[in-house]
Number of protein chains: 2
Amino acid sequence: MCSYSTPSELEVLEKTKFYQTFDPGQDIVSEGENTATLGSIIDGVVALQKTLEDGRRQMVGLLFPSDFIGRPLRPVAPYDAVAVTPVRMCLFHRTKFEALLSQNVNLERRLLEMTLNELDAAREWMLLLGRKTAAEKLASFIMILARRASALQNATVKNGLEVPIPLTREAIAEFLGLTIETVSRQFTGLRKQGFIELSGTRSLVLTDVGAVAALAGVVQEDALTDLTA
Amino acid sequence: MCSYSTPSELEVLEKTKFYQTFDPGQDIVSEGENTATLGSIIDGVVALQKTLEDGRRQMVGLLFPSDFIGRPLRPVAPYDAVAVTPVRMCLFHRTKFEALLSQNVNLERRLLEMTLNELDAAREWMLLLGRKTAAEKLASFIMILARRASALQNATVKNGLEVPIPLTREAIAEFLGLTIETVSRQFTGLRKQGFIELSGTRSLVLTDVGAVAALAGVVQEDALTDLTA
DNA sequence: CGGTGGCTTTGACTCAGGTCAATCCATCGA
DNA sequence: TCGATGGATTGACCTGAGTCAAAGCCACCG
């Protein structure tokens, strides 16, 4: 949207954009807050999360570079957006962006498509949260990271692929609707079965893609809807 | 969209629309199917659901009259849409609808807004699926029905309100990521605590709204994002 | 180097919700 | 009136994941 927006008329957008960085753990948007800006991620990983009164927390979105944050037409966010890693964002002022939106059909179309993608991803995620076991959840999570990692190097998901894990165990737990301990146990479970190798806590190597994919409930490679928007 | 679409230019839409009814349990859209039509619900309740290989099933959307079904720009649905009650739909042919979409900015805007609403609802639901207990899940579900019931008679959610339950226990279980038995036990749990009264299996009366709302995690009445689009 | 604090892993135990198996109950057709 | 059928409820039991608590493992800092 920022870097690769439709050409031509979007020069106005170009002019009003600005950049901002966030440290891990820092809020980009807070729930209920009247957000004045919106934009897309240039670098880093951002989690969208909702929190219950007593502190129970659930991640409801995991965003990577090029993903869009913020809701046009909707001043108040129903969730927090938190930087998971150091994040660099390209931002616009809401009002200016909305003005542009009503003038530019392509932009609005693009936004609709992105929102539909996010909705599909959210629903895939609901299936995971409501019906998958802890092992299946973690396998699904690993497949997401693996697909992302392989895409970045124009490769396919295959044995030997090294997959960086940009989240702490706590963030993974909040993503999957589990506890830290269960996440940790499932990691060692997969390792002991020979499905993955763990190199430190922030990276793994796939040693049995078939097994992991099967656990994740993946049928055909192309049937995958990425859980992330 | 059908009944109350923006006036003026939408006469073309008027002309191409047609009606169809579905029996409970009947598929309106099947996962992976190349859907030729889309439209909105006139009457009845529709569930969107995803199914795992081994039959585990999760509802990912619950739609009521006036809600829209089908994804423009996207021929293949990533889920099933199933009639829960007898359903009457107002339908359009995809191609004609899309043609209209590109000509009519208001329609596209409306669609974007509806999609954003659905996304918010989906995320609220993810919080429920990932972090709420069985009792909290059922209380949340009851609040959704209660709000809907009260809205239909221009009233507020208050003690004594009679709330119809348009779903079987099985459908409720698939909605909440639980089993039938647990749903049933939670219903009797709420009844024994004096929070609700059960009149048959398809209707209940609220006797302690405060308690149910508290269980559901509702803070302020206006803070509610309806879980349904 | 040696401590210190933040993650992570592991173990022992608990418990919420699932599973399996009877009933129960309402509706409906004969 | 009487099965019969398809939910719904209830009970007994089990288990997957949570809880609580103790190490383990770095990385960073003095």
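Modeller: This is a predicted model. I begin with the surface near DNA strand C, where H6(A) supplies the largest share, six residues.

Biologist: How many residues surround DNA strand C, and which are the closest?

Modeller: There are 17, the closest being Arg169(A), Ser184(A), Thr188(A), Thr133(B) and Thr182(B). Two or more residues each come from helix H5 (169-176) and H6 of chain A, and from H6 of chain B.

Biologist: What makes a residue count as near the strand?

Modeller: Its C-beta atom, placed from the backbone, has to lie within 6 Å of the strand. By class, the surface near DNA strand C has five nonpolar, seven polar and five charged residues.

Biologist: Which residues are closest to DNA strand D?

Modeller: Thr133(A), Thr182(A), Arg169(B), Ser184(B) and Thr188(B) are the closest of the 17 residues that surround DNA strand D. Helix H6 (180-192) of chain A gives two or more residues to this surface, as do helix H5 (169-176) and helix H6 (180-192) of chain B. H6(B) gives the most, with six residues. The classes here are five nonpolar, seven polar and five charged.

Biologist: Why is H4(B) called oblique to H7(B)?

Modeller: The axes of helix H4 (residues 134-152) and helix H7 (residues 209-216), both of chain B, cross at roughly 120° and come within 7 Å. H4(B) is therefore oblique to H7(B), because 65 to 115 degrees would count as roughly perpendicular and over 145 as roughly antiparallel. The crossing of H4(B) with H7(B) is left-handed.

Biologist: Which residues of H4(B) and H7(B) meet?

Modeller: From H4(B) there are Ala135(B), Glu136(B), Ala139(B), Ser140(B), Ile142(B) and Met143(B); from H7(B) there are Val212(B), Ala213(B), Leu215(B) and Ala216(B). Eight residues of this contact are nonpolar, one is polar and one is charged.

Biologist: What makes E2 and E5 of chain B the edges of their sheet?

Modeller: The sheet is open and has four strands in the order E2-E7-E4-E5 (chain B), with antiparallel pairing. Strand E2 (27-29) and strand E5 (57-63) each have a single partner strand, so one side of each is left without a neighbour in the sheet. Direction ignored, neighbouring strands are turned by 35° against each other on average.

Biologist: How do you know that E4(B) and E7(B) are paired?

Modeller: Strand E4 (residues 46-51) and strand E7 (residues 80-83) of chain B share four bridges in the antiparallel sense. Pairing requires at least two bridges, so E4(B) and E7(B) count as paired. One of the bridges joins Ala47(B) to Val82(B) in E7(B).

Biologist: Which helices lie across E4 and E5 of chain B?

Modeller: Helix H3 (residues 105-131) of chain A does, running at about 130° to E5(B). H5(B) also lies across E4 and E5 of chain B, at about 100° to E5(B).

Biologist: How many residues does each chain bring to the contact of chain A with chain B?

Modeller: Chain A brings 34 residues and chain B brings 34 residues. On the side of chain A that touches chain B, strand E5 (57-63) and H3 of chain A are the elements that give two or more residues. H3(A) gives the most, with 19 residues. That side of chain A has 16 nonpolar, six polar and twelve charged residues.

Definitions and conventions
Residues are numbered from 1 along each chain as its sequence is written. Chains are lettered from A and ligands numbered from 1 in the order in which they are written. This is a predicted model: local features need pLDDT of at least 70, side-chain atom pairs count only at pLDDT 80 or more; totals for chains, interfaces and linings use all residues. Axes are lines fitted to C-alpha atoms, for helices over the stretch in contact, and angles run from 0 to 180 degrees between N-to-C directions. Angles under 35 degrees count as roughly parallel, over 145 as roughly antiparallel, 65 to 115 as roughly perpendicular and the rest as oblique. A crossing is left-handed if the near helix is turned anticlockwise from the far one by less than a right angle, and right-handed if clockwise. Two residues are in contact if their C-beta atoms, placed from the backbone, lie within 7 Å. Ala, Val, Leu, Ile, Met, Phe, Trp, Tyr, Cys and Pro count as nonpolar, Asp, Glu, Lys and Arg as charged, and the others, Gly among them, as polar.
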